[in-house]
Amino acid sequence: MSALALRKENSPVSFRPNIIELKALSKHFGKLSVLDDISFKVREKEILAILGSSGSGKSTLLNIISGLLSQDEGTVYISGKSSTSYLGWGKIVYMFQEDRLLPWRTVRDNVAFGLENSQIPKSEWPAKIREVLKLVNLEDFADFWPHQLSGGMRSRVALARSLVAEPQILLMDEPFSKLDAQTRSQLHAELLRIHQLTKMTIVFVTHDVEEAVVLADRVAVFSSRPGRIKEMVDIRMERPRQLTDMGVVRAVQDLRRKI
Ligand SMILES: Nc1ncnc2c1ncn2[C@@H]1O[C@H](COP(=O)(O)OP(=O)(O)OP(=O)(O)O)[C@@H](O)[C@H]1O
Ligand SMILES: [Mg+2]
C-alpha cells in the first residue's frame, strides 16, 4: 500500500488531534440500561482498548460509534463532526468478531468487498488488493477459497478487507478471540506493524487483559451492565511488548485488579 507507507508518522500520540469524541452516550434496550454516560476522546493514531466482561455493552458501543446503532442520548463526533452513519464514507471500518468471509468468493474477491463502497476507481483495485495481501502475508493465497484457509489466515483476510480502502479508523470487536495464543500473538505483531505504517486509529474490544496491555496506548475499563467507564488506564511502554516483559506483567496484574 504505497499511500499507507508514505503516511508513516511518529510524533507521540499525546500531540495528535482527537479523531473520535464521545459525549455522554447512553443506550437502553427496553428497560435494560446497557450504556450509561460514556464520554471519552481518542486521538489520531491512538490504539484504545475497551476491556469489560460479557454483556457490559462493548459491542453496543462499537455499533454506536460506527453508526450501525443509534444512541438514546449523547453525541458521537468523528473529526469534530456529528453524524449518524460513518461507515459508508470509508473513514471507518468495522471488523466484527466473526470474520464474515463470503464462502463463494476467493480471497481476492473477499478483499475486493472492502473496496465496493469506496471512492477508489476499479482500475486501481487489483494493485490495492495485491498490496494489502502482501501486507498481511497472504500474497500467495489470492485464488484460495475461504474453506481452504486456517483460522489465522481467515482473520488475515478479514483484516486485509478492512484495511484495503485505507480507513482512518479501525473498529474491532474481539477480532482475534477465536484464535490460538500463538496465532493471536502473530496477528498482534502484524497489526502493530501495519499500524506503524499509517495514521490509522484503532478502537478494539476485548476481554483479554493481556491483549489490551500488549496492543493499547490506553485501556477503557468497563463496569458490568450498565456499561460505564470505571477507569481509563494509560499503558506507556515501547512497542513491541512481550508478555514476559516486567512492565507488561505488572500492567496486566494492575488491570486485573481493576476489572
Ligand atoms: N439489539 C438488542 N436488543 C436487545 N438487547 C440487546 C441488543 N443488543 C444487545 N443487547 C443487550 O445488551 C447487553 C450488552 O450487549 P453487548 O453485546 O453490547 O455486550 P458485550 O459487552 O459486547 O458482551 P460480550 O463480551 O459477550 O460480547 C446484553 O445484555 C444484551 O443482551
Ligand atoms: Mg460483544
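Analyst: Buried means under 20% relative accessible area, exposed over 50%, and partly exposed in between (1.4 Å probe, protein chains only). The model is predicted, so local features need pLDDT of at least 70 and side-chain atom pairs count only at pLDDT 80 or more, while totals for chains, interfaces and linings use all residues. Residues are numbered from 1 along each chain as its sequence is written, chains are lettered from A and ligands numbered from 1 in the order in which they are written, and side-chain values use heavy atoms, with hydrogens and water left out.

User: Why is Arg 100 called partly exposed?

Analyst: Its relative accessibility is 45%. That value lies between the limits of 20% and 50%, and therefore Arg 100 is partly exposed. Arg 100 is placed in the loop between β6 (92-95) and α3 (107-113); helices (H or I, at least four residues) and strands (E, at least two) are DSSP runs, numbered from the N terminus.

User: What makes the pair of Arg 100 and Glu 98 a polar contact?

Analyst: Their side chains are joined at 2.8 Å. A polar contact is a pair of N or O atoms within 3.5 Å; within protein, one must be able to donate a hydrogen and the other to accept it, and residues adjacent in sequence count only if both atoms are side-chain atoms. The distance of 2.8 Å is within the limit, so the pair qualifies.

User: How do you know that Arg 241 has no salt bridge?

Analyst: The nearest side chain of opposite charge is Asp 217, 4.6 Å away. Lys and Arg count as positive and Asp and Glu as negative, while His and the chain ends are not counted. A salt bridge is a side-chain nitrogen of Lys or Arg within 4 Å of a carboxyl oxygen of Asp or Glu. The separation of 4.6 Å is over that limit, so the buried Arg 241 is without a salt bridge.

User: Which backbone oxygens does the side chain of Arg 241 reach?

Analyst: The backbone oxygen of Val 213 lies 2.7 Å from a polar side-chain atom of Arg 241, and that of Ile 235 is reached at 3.4 Å. Arg 241 itself is found in the loop between β10 (229-234) and α8 (246-258).

User: What makes the pair of Asp 72 and Lys 27 a salt bridge?

Analyst: The N to O distance is 3.8 Å, which is within the limit of 4 Å. Asp 72 lies in the loop between α2 and β4 (73-78) and Lys 27 in strand β1 (residues 18-29), so the pair ties together parts that are 45 residues apart in sequence. Asp 72 is partly exposed at 41%, whereas Lys 27 is buried at 8%.

User: Why are Arg 218 and Glu 46 called buried?

Analyst: Arg 218 has 17% relative accessibility and Glu 46 has 3%. Each value is under 20%, so each residue is buried. Their side chains meet in a salt bridge at 2.5 Å, N to O. This pair links Arg 218 in strand β9 (residues 218-222) with Glu 46 in the loop between β2 (32-43) and β3 (47-51), 172 residues apart.

User: Why is Asp 143 called exposed?

Analyst: Its relative accessible area is 53%, and a value over 50% counts as exposed. Asp 143 forms a salt bridge with Arg 108 at 2.5 Å, N to O. Asp 143 is in the loop between α4 (125-135) and α5, and Arg 108 is in helix α3, 35 residues away.

User: What makes helix α2 mostly covered?

Analyst: In helix α2 (residues 58-66), seven of the nine residues are buried; among them are Leu 61, Leu 62, Ile 64 and Ile 65.

User: What makes a set of residues the largest nonpolar core here?

Analyst: A nonpolar core is a set of buried Ala, Val, Leu, Ile, Met, Phe, Trp, Tyr and Cys residues joined through side-chain atoms within 4.5 Å. The largest such set has 53 residues, and Leu 170 and Val 219 have the most contacts inside it. Helix α5 (residues 151-163) gives the most to this core, with six residues. A second, separate core of 25 residues includes Ile 20, Leu 25, Val 34 and Ile 65.

User: Which residues come nearest to ligand 1?

Analyst: Of the 14 residues around ligand 1 (a heavy atom within 4 Å), Ser 54, Gly 55, Lys 58, Ser 59 and Thr 60 come nearest.
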